[in-house]
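Visitor: I am new to this structure and would like to learn how to read it feature by feature. Could you take me through it with care?

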Amino acid sequence: MRKHGCRLILYPDWLQTSRDTVIFTDESSKRKKWRNDLKTLFVYHLINIMRMLKSLVFSCCLLLSGLVWAKDEPKTVKIKTSAICGMCKARIEKNLAFSKGVKESNLDLKDKVVTVTYDPKKTNEEQIKETITKTGYDADTVPADAKGYEKLPACCKKDSKMSHHE
Ligand SMILES: [Cu+2]
């Protein structure tokens with residue numbers, strides 16, 4: 001009789017039970033392994049998710065700082081005025097220089113357009129136009145302020161009948 005067959009017949013019930021227990025512990029270890037694998041998988045995915053979140057937060061920060069940086073950049077606006085002579089140019093540029101947020105201004109007498117560089121955090125186009133109109137000149141579609149216009153010397157008034165030198 002072969003050893004194997006002998007074992008099957010001769011092993012008593014309690015031994016059979018113990019063998020079942022062995023099988024059970026075997027399955028339990030399988031289960032443990034499976035659980036471990038699941039844990040590893042979970043941690044792996046968690047790390048991936050964290051990595052994704054990190055890059056997301058990073059790109060958000062980059063975008064936000066980009067927006068803030070863009071806001072800090074000075075803006076330039078071109079405004080058509082009713083300036084006539086060099087005195088008008090000097091007057092407008094001086095008043096703009098004294099107004100808040102204006103960094104630079106240059107009026108071209110050929111086309112009467114003043115180019116203003118300003119800090120958008122401190123001022124805006126409307127305020128710049130207001131400075132120009134209060135000085136007594138038209139600013140694009142905004143007409144000159146009456147009081148400011150009155151103060152201008154006769155030669156600098158847009159409706160002046162006097163002849164001007166370029
Ligand atoms: Cu003038």
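This is a predicted model: local features need pLDDT of at least 70, side-chain atom pairs count only at pLDDT 80 or more; totals for chains, interfaces and linings use all residues.

Guide: Strands of a sheet pair through backbone hydrogen bonds, either parallel or antiparallel. In this structure an open sheet of three strands has the order S1-S3-S2, and the pairing is antiparallel. Strand S1 (75-80) and strand S2 stand at the edges with a single partner strand each, so one side of each is left without a neighbour in the sheet. On average, and with direction ignored, neighbouring strands of this sheet are turned by 15° against each other.

Visitor: How many bridges join S1 to S3, and which residue in S3 stands opposite Val77?

Guide: S1 and S3 run antiparallel and are joined by six bridges, and the residue opposite Val77 is Val116 in S3. Thr76, in turn, stands opposite Thr117 in S3. Six bridges also join S2 to S3, again in an antiparallel arrangement, and here Glu104 is the residue that stands opposite Thr117.

Visitor: Which residues of S3 are on its covered face, and which on its uncovered face?

Guide: The covered face of S3 holds Val114, Val116 and Tyr118, whereas Val113, Thr115 and Thr117 form the uncovered one.

Visitor: Where do the helices come in, and how many helices and strands does the protein have?

Guide: The protein has five helices and three strands, and from the N terminus on its elements run α-α-β-α-β-β-α-α. As for packing on the sheet, whose strands S1 and S3 are joined by six bridges, helix H3 (residues 86-98) touches S2 and S3, and its direction makes about 170° with that of S2. H4 packs on the sheet too, touching S1, S2 and S3, with a direction that makes about 40° with that of S1.

Visitor: Which residues of H4 are buried, and what do they pack against?

Guide: An α-helix has 3.6 residues a turn, so residues three or four places apart point the same way. In H4 the buried residues are Ile128, Lys129, Thr131, Ile132, Thr133 and Thr135, and the buried residues of this helix pack against S1, H3, S2, S3 and H5. H4 is followed by Gly136, whose phi is positive, near 115°.

Visitor: Which residues touch the most other members of the largest nonpolar core?

Guide: In soluble globular proteins, nonpolar side chains tend to be buried together. The largest nonpolar core here has 18 residues, of which Ile92, Val116, Ile128 and Tyr137 touch the most other members. The elements that give two or more residues to this core are H3, S2, S3 and H4. Tyr137, leaving aside its neighbours within four places in sequence, is in contact with Thr81, Ser82, Ala83, Cys88, Ile92, Ile132 and Ala144. For the protein as a whole, buried residues make up 18% of the 166 residues.

Visitor: What should I look for in the backbone angles?

Guide: Most residues other than glycine have a negative phi, and most peptide bonds are trans. Lys112 has a positive phi near 60°, although this residue is not a glycine. Lys112 is found in the loop between strand S2 (102-108) and strand S3 (113-118), in a hairpin that has four residues between the strands. Asp140 is another case, with a positive phi near 55°, and its place is in the loop between helix H4 (125-135) and helix H5 (146-151).

Visitor: Why does Lys112 count as partly exposed, and why does Asp140?

Guide: A residue is buried if 20 or more other C-beta atoms lie within 10 Å of its own, and exposed if 12 or fewer do. Lys112 has 19 C-beta neighbours inside 10 Å and therefore counts as partly exposed, and Asp140 counts as partly exposed because it has 15 such neighbours. Not counting residues up to four places away in sequence, Asp140 touches Ile79, Lys80 and Lys129. Asp140 and Val113 are 27 residues apart in sequence and 9.1 Å apart in space, C-alpha to C-alpha.

Visitor: Where is confidence lowest, and where is it highest?

Guide: Confidence is lowest in helix H1 (residues 3-10), at a mean of 51, and highest in S3, at 98. The mean pLDDT of the protein is 84, and 78% of its residues reach 70 or more.

Conventions
Residues are numbered from 1 along each chain as its sequence is written. Two strands pair if DSSP finds at least two bridges between them. Axes are lines fitted to C-alpha atoms, for helices over the stretch in contact, and angles run from 0 to 180 degrees between N-to-C directions. Two residues are in contact if their C-beta atoms, placed from the backbone, lie within 7 Å. A nonpolar core is a set of buried Ala, Val, Leu, Ile, Met, Phe, Trp, Tyr and Cys residues joined through C-beta atoms within 7 Å. pLDDT is the predictor's confidence in each residue, from 0 to 100.
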